[in-house]
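Hi everyone, thanks for making time this morning. Please bring up the sequence and the model on your screens, and we will walk through the packing together.

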Amino acid sequence: MTETLSARGLEIPRRAAIGLACDHAGFPMKRFIRDVLAQHCDEVIEMGATSEEPVDFPDVARSAIGLIQSGKVERVVLVCGTGAGACIAANKIAGIRAAVANDTYVARQCVEHDNVNVLCIGGWIIGPQIAADVTRAFLAAEFSTEPHFRRRVEKLAEMDRQRGE
């Protein structure tokens, strides 16, 4: 895997594809985030709103999460008004670990400690430059090899399995 370097000096692994989806509230930030993602992957697979015409985020999230489930992408960025609706919808799907991150610390920490594979951004909460920094921190982060983090994420997977029964 080749490396790309962001403006902040992060080493970001280049990926074949990254998913991006938004609802109508996240639509104004979609193009900007797509351009950030495109610097670090060969293909940005876009889903969701194509305008500010209202759409239902659970439908958008389900489609975007399908990209992870099918193996087309390892990570997805969802943008809605606050990030909360996107996060709730994504976390309803087994195997998905989504987090709202409106700062770089959370964006990095949620991947390193919790193996988060879906970043949820609040387009009403942060502006484009912070969103770019948050997105880059999410992409640069890797899941820790420390046993206690691995054990905890396995417990989350067990909860998913129990929910499915």
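**Helix pairs and the sheet**

Let's start with helix H4 (residues 104–114) and helix H5 (residues 128–140), which pack at an angle of about 20° with axes 8 Å apart. That angle makes H4 roughly parallel to H5. Angles under 35 degrees count as roughly parallel, over 145 as roughly antiparallel, 65 to 115 as roughly perpendicular, and the rest as oblique. The axes are lines fitted to C-alpha atoms, for helices over the stretch in contact, and the angles run from 0 to 180 degrees between N-to-C directions. Helices (H or I, at least four residues) and strands (E, at least two) are DSSP runs, numbered from the N terminus.

The crossing of H4 and H5 is right-handed; a crossing gets that label if the near helix is turned clockwise from the far one by less than a right angle, and left-handed if anticlockwise. On the H4 side the contact (heavy atoms within 4.5 Å) uses Thr104, Ala107, Arg108 and Val111, and H5 brings Asp133, Val134, Ala137 and Phe138. By class, the H4 and H5 contact has 5 nonpolar, 1 polar and 2 charged residues. Here Ala, Val, Leu, Ile, Met, Phe, Trp, Tyr, Cys and Pro count as nonpolar, Asp, Glu, Lys and Arg as charged, and the others, Gly among them, as polar.

A quick word on what you are looking at: this is a predicted model, where local features need pLDDT of at least 70 and side-chain atom pairs count only at pLDDT 80 or more, while totals for chains, interfaces and linings use all residues. Residues are numbered from 1 along each chain as its sequence is written, and side-chain values use heavy atoms, with hydrogens and water left out.

H5 also packs against H1, at an angle of about 40° and with the axes 10 Å apart. H1 and H5 are therefore oblique to each other, and their crossing is right-handed. From H1 come Met29, Phe32, Ile33, Val36 and Leu37, meeting Pro128, Gln129, Ala131, Ala132, Thr135, Arg136 and Leu139 of H5. Sorted by class, that contact has 9 nonpolar, 2 polar and 1 charged residues.

Now to the sheet. In what order do the strands of the open sheet run? The order is E4-E3-E5-E7-E6, 5 strands with parallel pairing; two strands pair if DSSP finds at least two bridges between them. Strand E4 (41–48) and strand E6 (98–100) are at the edges with a single partner strand each, so one side of each has no neighbour in the sheet. On average, neighbouring strands are turned by 20° against each other, direction ignored. Within the sheet, E3 (residues 15–22) and E5 (residues 76–80) pair in the parallel sense over 4 bridges, and Gly19 has Val76 in E5 as its bridge partner. Helix H1 (residues 27–38) lies across E3, E4, E5 and strand E7 (118–122), running at about 165° to E4.

Phe57, Pro58, Ala61 and Ile65 of H2 meet Gly85, Ala86, Ala89 and Ala90 of H3. These residues divide into 7 nonpolar, 1 polar and no charged.
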